[in-house]
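Grab the sequence and the 3D view, and let's take a quick tour.

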Amino acid sequence: MRKDSGSGNAGWLRDSWLSRVIKSRAADKAANAGLFPCAGLEALEPRVLMHGVGDLPDGIVIDPDTGVITITIDENTEVHQDDAGKLVDHLAMLALVPYADVTHVAVQSGAWSDPETWGNETLPTPGARVLIPHDVAVTFDIVNETDWYKTVRVDGELRFDHTQNTRLRVDTLIVAPSGSLHMGTELNPVGVGVKATIAIVDDGPIDTSWDPLLLSRGLISHGNAEFYGAEVTPYVTLAQEPLAGETELILSEVPVNWKVGDRLILPGTKLAQNQDEQLSILAISGNQVTVSPLAYSHTTPADGLSVYLTNVSRNVSVISETPEVLGRRGHTMFMHADSVEIHNAGFYGLGRTDKSVPLTDPKLDINGNLIPSTAQNPRGRYAVHFHKHGVIGSPEPVLVTGSVVVDSPGWGYVNHNSHVIFEDNVAFNVVGAAFVTEDGSELGAFRRNLTIRSTGTGAPSDFEARESILDFGFNGHGFWFQGVGGIEIEDNIASGHNDAAFAIFPCRCNTIDTVLDATFVAENLLDPSIANGESSIGISDGPARIFRGNVVFASVKGFESWFHLRFADHDTPTIIEDMTLWEVRNAAVIPYISTFVFRDWFVIGPGISERSTAFPINGRTARVHYENLHVEGFETAIIMPTLDANHVIGGYYNNKTNIVVGAGNTQNEGLENIQTIINVQAGPETVDHIAVIGAPKLNGTEDLPNFFTNKFSQAQVFIDGERVYYPNQAADFVPFPADTAPGYVPAELIDKTNQQLWDQYSLTVGGVLGPAVGQASSTSESDGGELKLSRRSRVNRRSRNTTPTQTPSGNTSPAVRPTFILNSPTYTSQIEGYVLSYKNKDGNVFTDAQPVDLNQGWNVVTRVIDGNPYGFLVFGVVQPPDFVLTQTPAINPQAVSQGILLVGTRYDDINGSRGVTIKFNGATLASLPVQARADGSQFLLLNFTVGDRAGNETAVAVEVELDPSIPFVSVKRGRQNRDNNEPPIVVVDPLSDTLVSLLELEFTDRRDR
């Protein structure tokens, strides 16, 4: 096996930096040989890649000209044969603690406070660089009040005394691959009343000449690590909802090891504002806790919902001593080793990665020095970070239980390409996301965790804003999943989130510098057969293993997913079930997804008067089943997707509008599109139970062919077994009554029912012929045959027309004739001798042998094909369009070189009136001769043509006044102008009325597009 990392994985490493890791240490060894009584410090290094003292090992080559390092991995490589990226991580970590820099070394096992433990019987002094070598076990048994250590490297074993208070103050604590760190053990946890603390000190800005990658200032462990604090009930529900001013909290159970002085968080229960309360236990007796008077009431909107109270005090902890300076905080990283267990530990004020702003990763110059303009916000410096333990070959899971993360500026608990089980943990006041899977390959579970108050950028749903730098999960989420194929998500609680409490966002992202390895190992799927024999699938294609029993309240959105299962080659859904949500603006936002089942949800929104939708979608959402949902308190409950088959089955809905059903998506014409609604109950506040929107509508003369297209034949809507039709699709409906304006539609179509249009021309409204329902003619005077509107429905941020639904019996399978598409021009100026040409769905083209003459306006050219009549709609027009300038333009002669925009109105017989913008660049204007009038005024004569869709053209000549009195300011070419190769825009100051109108129209037009 050989893997060449090339510069892609290791190119940012450079000669001078790497030399401190793997080049010869002969001079340092000679200088330090007599410092320690151990025989030869180099003897403590069993592997060359763990700071050997020889030459560069085989497989590592440094280009002498560029300094770029290439690492080749093969069977002879000592460590990380499977991953050059891990090898780079390994080297970067150990570069922080080379043996040559050691000042104090433990020469035998014993207590940290015992001088005989240390060489020359000298205890480590302030600023010391400490080494605990192989086969040496040191028990940390002191409380550092003022003393602190620059580095502690553990190649052997570092234990914290579990019987007395301890506090280790250190800048950087490294646990090497052979080392072990124990802050309590399963048999001997740190007992109640005893505290064990690792305090990451701030001794000034990180020294980037020593640590150009800014990995230091924290706990970085490549070896064994275990944290066992005293058991503490992480959170409880309240037996009584507490009100403002109260001091007694009645819990639903007696908590374990809660005591006076413990820090409590009582989450707010309102979406509109942050009402979280941080409290301290003043007294406790059984299930009754005394606190200071509450500032807010914490109530729920329905019976059976709960208010939660969490205790975030732990007696085993890792902290930043001065968290106020974000860039100098500590962090934890458990790297490449699955022998980690964390139970009942606290992580306070940790993390340097700031998710409120984009990432800026460190970059080194050719000499290995940090480029000063980089690394203001490096990724990977999180509060609790499990980094690349691996997911191949059923690795043992890391266990994290009963622990807390408080106050992290960017992500709390992070599973990155590892197998981690998070259970009964708490996160409070995290920026970005509290619980994270980082690249989608991860394995593990999130069970019974509680997250409170994740903030972010304040731009909900802007998930892709930082895709180019592989920066995600920054909006304010409880749980952010880059993929869920190997993850179980069960019985978690999320409150107070700026965006979606649960988010699935798988993304395959290529940037200039790197590629997100967006694949999931097939053997780790719950059903590996869905990979169709491949060894891996895209992270977006792996359905969640378990996603059930979760609770969300006082958050903007409950759930959100983009791209999940959108292009999967299997039909296995992600099933999200038994979910409880209240005080949320959206229950589930699901653009660009497919194959979801929402089952047994209980959802309460902010109120029917609020502009809120429980289940919004976009035009790419497909195959969603809503089963047995209870949804109330929204303006709109469900907007059904219009791609493929979607179903609402059972449930109770009490909203202003319960279910909105739209027309079929024309981009999937020919794909079966069935929307089924079965046994859905409406509540007393419902105004529109089921609104079927998007009825075929004639919006203008030019839209007549679309009025008859068959896109609606693909959208079969069934309510309780009955097919739904739009009223203007009824067989006896008359789309164009006798008083329809002549010329607006062909005379052959006026005063005919849909049945007659179908029989004579194979035309019917929306391509579907419904049953007769006694509607004789249009009830609208000018809407082209649509019924009066029952309401205006806000759908996908656009206002669309809604018509009453019909559920007639019978005729559930309307006749559909083969589709023939006009191949010759629909709009033509050749009204004499027009040659009809059409093609079938297979693309075969048929052309008439004899031309026909057309009338001006719409014509129905009828042919009998395979025994059925077909009417082709063709518009004939010979009148050229008219063009009228909005205003006569004028320009300063000095602005000629920058171009001008002319705005006018075109009038033609197809579109009626329509605004037109004519652009002339500076080169064109400059090439024109300046012309003069008798009064001495000057102008440029612009000649151009305007045309209509039939090919008729009108020549136009416009005089542009040259007026030196008009001041102007040159505006540089903007981004959109550069991209579209458009001329710059001239801004006049003060602006003339002419150019003000031109600029306003131009910008308005661009904005609308």
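Which backbone nitrogen does the side chain of Glu442 reach at 2.8 Å? It's the one of Asn417. Before going on, note that this is a predicted model, where local features need pLDDT of at least 70 and side-chain atom pairs count only at pLDDT 80 or more, while totals for chains, interfaces and linings use all residues. Residues are numbered from 1 along each chain as its sequence is written, and side-chain values use heavy atoms, leaving out hydrogens and water.

**Glu442**
- You'll find Glu442 in the loop between strands β32 (433-437) and β33 (443-447); strands are DSSP runs of E, at least two residues, numbered from the N terminus.
- Glu442 is buried (under 20% relative accessible area, 1.4 Å probe, protein chains only).
- Even so, Glu442 has no salt bridge (a side-chain nitrogen of Lys or Arg within 4 Å of a carboxyl oxygen of Asp or Glu), and the nearest side chain of opposite charge, Lys388, is 10 Å away.
- A polar atom of the Glu442 side chain also lies 2.8 Å from the backbone nitrogen of Gly440.

**The nonpolar core**
- The largest nonpolar core has 103 residues, and Phe598 and Trp601 touch the most other members.
- Such a core is a set of buried Ala, Val, Leu, Ile, Met, Phe, Trp, Tyr and Cys residues joined through side-chain atoms within 4.5 Å.

- β69 and β70 (residues 938-947) run antiparallel, joined by two bridges.
- Gln931 has Phe939 as its bridge partner in β70.

Key. Buried means under 20% relative accessible area, exposed over 50%, partly exposed in between (1.4 Å probe, protein chains only). Two strands pair if DSSP finds at least two bridges between them. Helices (H or I, at least four residues) and strands (E, at least two) are DSSP runs, numbered from the N terminus. Lys and Arg count as positive and Asp and Glu as negative; His and the chain ends are not counted. A polar contact is a pair of N or O atoms within 3.5 Å; within protein, one must be able to donate a hydrogen and the other to accept it, and residues adjacent in sequence count only if both atoms are side-chain atoms.
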